[in-house]
Amino acid sequence: MQEIAGKRRRFGYRRIGVLLERKGMIMNHKKLYRLHREEGLSVKRRRGRKRARGTRTPMPEAARPNARWSLDFLSDSFGASRKFRILAVIDDCCRENLCLMADTSISGALVARELDALVRVYGKPGCIVSDNGTKFTSRAILKWADQNDVPWHYIDPGKPQQNAFIESFNGSLRDELLNEEIFDTLNDARRKLALWRYDYNAVRPHSSLGNQTPLQARRALEQFEGSAPGALAQTETHDYQDQTRRLSL
């Protein structure tokens, strides 16, 4: 029994009993179970991967810019089928694409550094929504969320509809760019992503925004509130438009 269990560590006593019977060793299943336990051969049930729970507070409504950001990863290839990944960040309120970062490998620490850069430009988000991917549950991300006091909501496994805004964005990105273009190098992919991002934010009409662009929607919402939250706040409309134009590029 010990010899079989040593070679097949995930076999329970019933399967071990079948293999013993093949060797002519037949015994009552109750005796087999008792011996199996006495020898310390019980198989421990494997638990699922530990997942970060994030905050338990209700997810705030995306009623104003920076109220809620959504994050996700996409994949594509260049050259001889070499893979690269894309980190996408959007503002759920005005649908603005805040980031399209491409690299062959994107760690949790790199995601945290990119979020620091976005906070300096747009201001701190009210909360962030993502799936339970390993990059979003890494120690670097948990530390970043704690240090910046940003609630991080993780959607339930297998429930992408809980992060519908980023899923819709991913579909547009893949349909309009990734499935239409061939990327020769990583730099070529980054250049085409930057051009598409500018078109998405400043030119492409969005039916969910009344055919406005995300930049127009952000500007209208911030002017309606009287002051823009975060780093985009400006005292004069002319200066704000110039700043928006520079950020889009």
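Colleague: Exposed means over 50% relative accessible area, and buried means under 20%. By that rule, does Asn211 count as buried or exposed?

Modeller: This is a predicted model, and in it Asn211 has a relative accessibility of 54%, so the residue counts as exposed.

Colleague: Where is Asn211 found?

Modeller: Asn211 sits in the loop between helix 7 and helix 8, the latter spanning 214-225. Its phi is positive, at about 65°, although Asn211 is not a glycine.

Colleague: What about Asp149, which also is not a glycine: what is its phi?

Modeller: Asp149 has a positive phi of about 55°. It belongs to the loop between helix 5 and strand 5 (152-154). With a relative accessibility of 61%, Asp149 is over the limit and therefore counts as exposed.

Colleague: Let us step back to the overall fold. How many helices and strands are there in the protein chain?

Modeller: The protein chain has nine helices and five strands. Read from the N terminus on, the order of elements is α-α-α-β-β-β-α-β-α-β-α-α-α-α.

Colleague: And what percentage of the residues count as buried?

Modeller: Of the 249 residues in the protein chain, 42% count as buried. The chain exposes about 14,900 Å², and carbon and sulfur atoms supply 47% of that area.

Colleague: For contacts with a separation of 6 or more, what share comes from residues 24 or more positions apart?

Modeller: Such residues account for 59% of those contacts in the protein chain.

Colleague: Changing topic to the rings: how many aromatic pairs does the structure hold?

Modeller: It holds 10 aromatic pairs. One of them joins Phe73 and Phe136, with ring centres 5.0 Å apart and planes at 20°; the pair is therefore stacked.

Colleague: Why does that pair tie together separate parts of the sequence?

Modeller: Phe73 lies in strand 1 (residues 69-78), whereas Phe136 lies in the loop between strand 4 (128-130) and helix 5 (139-148), so the pair ties together parts that are 63 residues apart in sequence.

Colleague: Are Phe73 and Phe136 buried or exposed?

Modeller: Both of these residues are buried.

Colleague: What is the geometry between Phe169 and Tyr200?

Modeller: Phe169 and Tyr200 form an edge-to-face aromatic pair, 5.1 Å centre to centre and with 85° between the planes. Phe169 is in helix 6 (residues 164-178) and Tyr200 in helix 7 (residues 186-202), so this pair ties together parts 31 residues apart in sequence. Phe169 is buried, as is Tyr200.

Colleague: Which residues form one aromatic cluster with Phe73?

Modeller: Phe136, Trp144, Trp152 and Tyr154 form one aromatic cluster with Phe73.

Colleague: Which residue lies over the face of Phe73?

Modeller: Arg85 lies over that face, 4.4 Å from the ring centre of Phe73. There is also Arg15, which lies over the face of Phe11 at 5.3 Å from the ring centre.

Colleague: Now to the charged pairs. What is the count of salt bridges?

Modeller: The count comes to 11 salt bridges. Among them is the one between Asp91 and Arg218, where the closest N and O atoms are 3.4 Å apart. This pair links distant parts of the chain, with Asp91 in strand 2 (residues 82-91) and Arg218 in helix 8, 127 residues apart.

Colleague: What are the relative accessibility values of Asp91 and Arg218?

Modeller: Asp91 has 0%, so it counts as buried. Arg218 has 1% and therefore counts as buried.

Colleague: Which residues are linked with Asp91 and Arg218 in a network of salt bridges?

Modeller: Glu96 and Glu222 are linked with Asp91 and Arg218 in that network.

Colleague: With which residue does Glu181 form a salt bridge?

Modeller: Glu181 forms a salt bridge with Lys192, and the closest N and O atoms are 3.3 Å apart. Glu181 is in the loop between helix 6 and helix 7, while Lys192 is in helix 7, 11 residues apart. At 35% relative accessibility, Glu181 counts as partly exposed. Lys192 is buried, with a relative accessible area of 16%.

Colleague: And how far apart are the closest N and O atoms of Lys192 and Asp188?

Modeller: They are 3.3 Å apart, and Lys192 and Asp188 form a salt bridge. Both residues lie in helix 7, four residues apart, which is about one turn of the helix. Asp188 is buried, and so is Lys192.

Definitions and conventions. Residues are numbered from 1 along each chain as its sequence is written. This is a predicted model: local features need pLDDT of at least 70, side-chain atom pairs count only at pLDDT 80 or more; totals for chains, interfaces and linings use all residues. Side-chain values use heavy atoms; hydrogens and water are left out. Rings of Phe, Tyr and Trp (its six-membered ring) pair if their centres lie within 6.5 Å; planes under 30 degrees apart count as stacked, over 60 as edge-to-face and the rest as tilted. Helices (H or I, at least four residues) and strands (E, at least two) are DSSP runs, numbered from the N terminus. Buried means under 20% relative accessible area, exposed over 50%, partly exposed in between (1.4 Å probe, protein chains only). A charge sits over a ring if NZ of Lys or CZ of Arg is within 6 Å of the ring centre and within 35 degrees of the ring normal. Contact means heavy atoms within 4.5 Å. Accessible areas come from the Shrake-Rupley method with a 1.4 Å probe; for residues, only the protein chains shown count as cover. A salt bridge is a side-chain nitrogen of Lys or Arg within 4 Å of a carboxyl oxygen of Asp or Glu.
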